[in-house]
Protein chains: 2
Amino acid sequence: MPTDKNIEPTINNGHASAPPKAAKKILDVARDLFYRQGIRAIGVDEIVRRAGVTKPSLYRSFPSKDELAASYLRQYDLEFWDRFDEAVNAHPGDPRAQIKAFLTRVGKRTQMPQYRGCGMTNAAVEYPEHGHPARVVSEANKQELRRRLRAMAVAMGAGDGDTLGDGLLLLIEGAYISGQLFGAGGPAQSVATNADLLIEASLKK
Amino acid sequence: MPTDKNIEPTINNGHASAPPKAAKKILDVARDLFYRQGIRAIGVDEIVRRAGVTKPSLYRSFPSKDELAASYLRQYDLEFWDRFDEAVNAHPGDPRAQIKAFLTRVGKRTQMPQYRGCGMTNAAVEYPEHGHPARVVSEANKQELRRRLRAMAVAMGAGDGDTLGDGLLLLIEGAYISGQLFGAGGPAQSVATNADLLIEASLKK
DNA sequence: ATGTATACGTACCGATCGGTAACACTGTCA
DNA sequence: TGACAGTGTTACCGATCGGTACGTATACAT
């Protein structure tokens, strides 16, 4: 067994690097660039340049740019559900409060200076072709979101839970888009208010 | 005055063509391709090929691809307001019925097989950079839509007209996006119903 | 010391990107 | 007849696209 210096191996000298992994740096950079500027707008050359790696390194970790984009979205998916579940867990057994908490945070995020909408939604717009790796991830995320919103609407006791769930989804998607279209002060800031109004109206039916 | 054959001038022999105008053919093809597949996804070579013209012809009528995209959107803008005003004019003095008529048609359109959302919205997603010619047209269209929706909400007598107007805009944008994400049977089909519910709730305040 | 596996970099590929130069042809109108 | 506007043709530009062939450097086990 080695004496020292290798449980976290060599801080990384000039080249011949250390386990922090090129793949992680690539994905981090890609995530940032893809989200802020769009997937089609960013070339692999720029990704590797900003990540401080070379192109073959990218293609050793990812079979293609399309699959790199899909990886970015799979990570986005995880973080999305983290945020969603955080709102859910903050109000156990109270779906209306869960929705309100989630949408309040969405509304706040849409008002931030560099807000660029939902990475999933944007990717689906960029890749309309069915079966594209990025779009597949995006569609799965949205299907699941719809399923959960409808279930929550039913749990609230709405007369027509499916319709209310879909209405909430429309408001959310509208907030994502409006956030990047109008910036701060845009319609997205009222998403939580409007959602609560819609819920109120749907429960009274 | 010519004897015949020129009120609609010469069916267009092999080359050296007739007035049908290259610019119009180019814009028609670009419009179709840009809408269905996205602006970034389509190259100028494919546009001129499908239009049966050559690249110099394109650049004689349009200073750049970006400006061609902007022209496409300006035409889209005109047709959008045609549809909008059609719904408005069908119900003079009754903004709630106007909104309902417009959204019923939007809901129907989102269920059509080749539906690809709103060209304006999609362009803004594709070009996040401020000042891009395509984005400028898109933003102007959305600003005006917001202004009119808010005015209509106020005219309905809503307690908070601005919030209701923004809520309607969120639902509309959500329908555009959901329409292309989910296809037929998706949440967009309920946009008119949800909008009416939201209006009802906002008037009672 | 040497083999092996892994990760890396240099250099390059053909294709396509948006855009242009230069010139020939046609129909219209004066 | 002659000027003009608009089109077509061919050929080309430099830049960038996504992707790869191939040699090199390191780490570890034998």
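A residue counts as buried if 20 or more other C-beta atoms, placed from the backbone, lie within 10 Å of its own, as exposed if 12 or fewer do, and as partly exposed in between. Keep that in mind for this predicted model, where local features need pLDDT of at least 70, side-chain atom pairs count only at pLDDT 80 or more, and totals for chains, interfaces and linings use all residues. Residues are numbered from 1 along each chain as its sequence is written, and chains are lettered from A and ligands numbered from 1 in the order in which they are written.

Chain A has nine helices and zero strands (DSSP runs, H or I of at least four residues for helices and E of at least two for strands, numbered from the N terminus). Of its 205 residues, 41% are buried.

Let's look at α1(A). Its buried residues are A:Ile26, A:Leu27, A:Ala30, A:Phe34 and A:Tyr35. Just after α1(A), A:Gly38 has a positive phi of about 100 degrees.

Now for the neighbour. In chain A, 38 residues are in contact with 40 residues of chain B (C-beta atoms, placed from the backbone, within 7 Å). These elements of chain A each give two or more residues to that side:

| Element | Residues |
|---|---|
| α6(A) | 119–126 |
| α7(A) | 133–156 |
| α8(A) | 161–182 |
| α9(A) | 191–203 |

The largest share, 14 residues, comes from α8(A).

Note on methods
Two residues are in contact if their C-beta atoms, placed from the backbone, lie within 7 Å.
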